[in-house]
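Subject: Structure for your review

Hello,

Here is the structure I said I would pass on. My notes on it follow below.

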Amino acid sequence: MQMQPDLIADITGQPEAYRDLVQSGPSRWDEALKAMPDGWVGPSRVVLTGMGSSYFASLGVLPAWNRWGLRTSVELSSELLHHGEGRLQAGDLLVAVSQSGESAEVVALLRQLEGRGVHVIGVTNRAESTLARLTPVSLVMDVAPDRTVAVKSHGASLLTLLYLGLRLSGRGLDEWHTGADQAISALERGMAHGETWRNLGRSLLEQAPGRRPAISVLARGPLMAAAREGALLFNEVSKLPAWAEDGGEFRHGVIEVGEPGLVAVVLVSGDHTAELNLNLIAELLRTSSLVLACVPEGLGQQVPPPDGAGLLHVLKIPAVSGDFAAVAQVLPLQWLSLGLAEGRGLTPGLFRATPSVIRSER
């Protein structure tokens with residue numbers, strides 16, 4: 001099997017990339033935000049939009065933005081483009097997120113909105129991208145680009161959007177610097193478990209019928225960003241059927257898929273929903289599913305042991321505050337997807353059916 005070292009480099013390169021972002025980003029972003037007209041400050045409605053990892057990052061910051069007083073919603077760019085009539089009005093603020101700045105739906109949406117009075121801020125990794133050219137204000141991340149699938153761009157988008165939300169709401173930035181540093185430190189510490197999680201990914205194939213498990217990634221709140229990103233990694237890297245589900249919604253019938261062929265990855269947050277997710281783990285174990293419990297280190301002892309035929313692996317992650325947790329808690333899923341791909345004899349990060357950047361729907 002041809003090995004692909006670039007995915008490993010993307011995974012292990014995250015802490016350095018994010019520290020560079022924290023050091024260089026704010027001055028660059030503040031300069032860009034000076035171009036905002038006075039009428040943009042405190043918009044009555046904000047819409048975050050993107051595709052793939054950019055969409056997931058937008059979902060991840062939604063609770064924080066609303067808690068900070070910004071009336072915010074998140075929309076898939078493809079839905080806004082084709083079915084969004086009336087959802088955006090003159091005076092609304094649209095934050096368009098695209099790591100490449102070339103995503104077909106995002107670019108087409110921006111062109112569709114020209115002249116309609118919708119204010120637009122772009123978030124992208126490339127200053128020379130089409131998105132940056134089409135938006136009057138662009139926050140450029142400028143992190144070293146991912147060589148394979150979206151890895152660094154996931155966390156970089158989360159950090160940039162959290163910064164933007166604080167700026168738009170007029171709040172101080174101390175919590176951003178504290179949260180970002182905590183998340184980066186958690187990533188650095190978590191890398192020590194990378195090979196263990198990679199090997200676990202390889203071994204999961206032996207525990208699933210036909211060596212082809214179905215994978216459900218479950219979370220709540222801000223961690224849904226990590227859950228959706230993780231499910232996409234299992235699709236893109238491991239070529240396995242995987243989906244993300246809100247932990248509460250999963251209990252409303254979806255749990256009926258629980259059986260020995262299901263791998264349930266549960267991301268447990270350190271907030272008031274922790275007990276709910278721990279209870280969900282217990283329910284899944286009773287269905288004979290294979291459960292991977294990704295928990296903050298302080299909650300590791302509270303994970304319920306298997307009660308029946310279910311199998312359990314506990315993956316402990318250094319604790320990170322809620323708004324920034326998705327930056328770090330996706331790490332074990334990155335390593336798991338790598339191990340699963342290798343176990344299946346695939347080249348990790350190699351696309352078979354689509355390019356990494358979708359520049360056209362046609």
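A residue is called buried here when its relative accessible area is under 20%, and exposed when that area is over 50%. Lys152, at 3%, is therefore buried. Please keep in mind that this is a predicted model.

Salt bridges

The count of salt bridges comes to 19. Lys152 takes part in one of them with Asp10, where the closest N and O atoms are 2.9 Å apart. Asp10 belongs to helix α1 (residues 5–12) and Lys152 to helix α7, so this pair ties together parts of the chain that are 142 residues apart in sequence. Asp10 is buried as well, with a relative accessible area of 0%.

Arg87 has 29% relative accessibility and counts as partly exposed, whereas Glu75, at 18%, counts as buried.

The side chains of Arg198 and Glu195 also meet in a salt bridge, at 3.0 Å from N to O. Both residues lie in helix α9 (residues 194–204), three residues apart, which is about one turn of the helix. In general, an α-helix has 3.6 residues a turn, so residues three or four places apart point the same way. Arg198 is buried at 10% relative accessibility, and Glu195 is partly exposed at 41%.

Nonpolar cores

The largest nonpolar core has 91 residues, and the members that touch the most others are Trp65, Val95, Val265 and Leu267. Helix α7 (residues 152–169) gives the most to this core, with nine residues. A second, separate core has 18 residues, including Leu218, Phe250, Ile255 and Ala264.

What does Leu267 touch, leaving out residues up to four places away in sequence? Its contacts are Val217, Leu218, Ala219, Leu223, Ala226, Ala227, Asn277, Cys294, Gln329 and Leu333.

Helix α5

Is helix α5 (residues 104–113) mostly covered or mostly uncovered? The helix is mostly covered, with seven of its 10 residues buried. These are Ala104, Glu105, Val106, Val107, Leu109, Leu110 and Leu113. Among the elements that cover them are the strands β1 (46–50), β3 (93–97) and β4 (119–124), together with the helices α4 (77–83) and α6 (130–134). Just after α5, Gly115 takes a positive phi of about 80 degrees.

Aromatic pairs

There are four aromatic pairs in the structure. In one of them, the ring centres of Tyr55 and Phe56 are 6.2 Å apart and the planes stand at 55 degrees, so the pair counts as tilted. Tyr55 and Phe56 are both buried. Elsewhere, ring pairs link Trp29, Tyr163 and Trp176 into a cluster.

Regards

Key: Residues are numbered from 1 along each chain as its sequence is written. This is a predicted model: local features need pLDDT of at least 70, side-chain atom pairs count only at pLDDT 80 or more; totals for chains, interfaces and linings use all residues. Side-chain values use heavy atoms; hydrogens and water are left out. Rings of Phe, Tyr and Trp (its six-membered ring) pair if their centres lie within 6.5 Å; planes under 30 degrees apart count as stacked, over 60 as edge-to-face and the rest as tilted. Buried means under 20% relative accessible area, exposed over 50%, partly exposed in between (1.4 Å probe, protein chains only). A nonpolar core is a set of buried Ala, Val, Leu, Ile, Met, Phe, Trp, Tyr and Cys residues joined through side-chain atoms within 4.5 Å. Helices (H or I, at least four residues) and strands (E, at least two) are DSSP runs, numbered from the N terminus. Contact means heavy atoms within 4.5 Å. A salt bridge is a side-chain nitrogen of Lys or Arg within 4 Å of a carboxyl oxygen of Asp or Glu.
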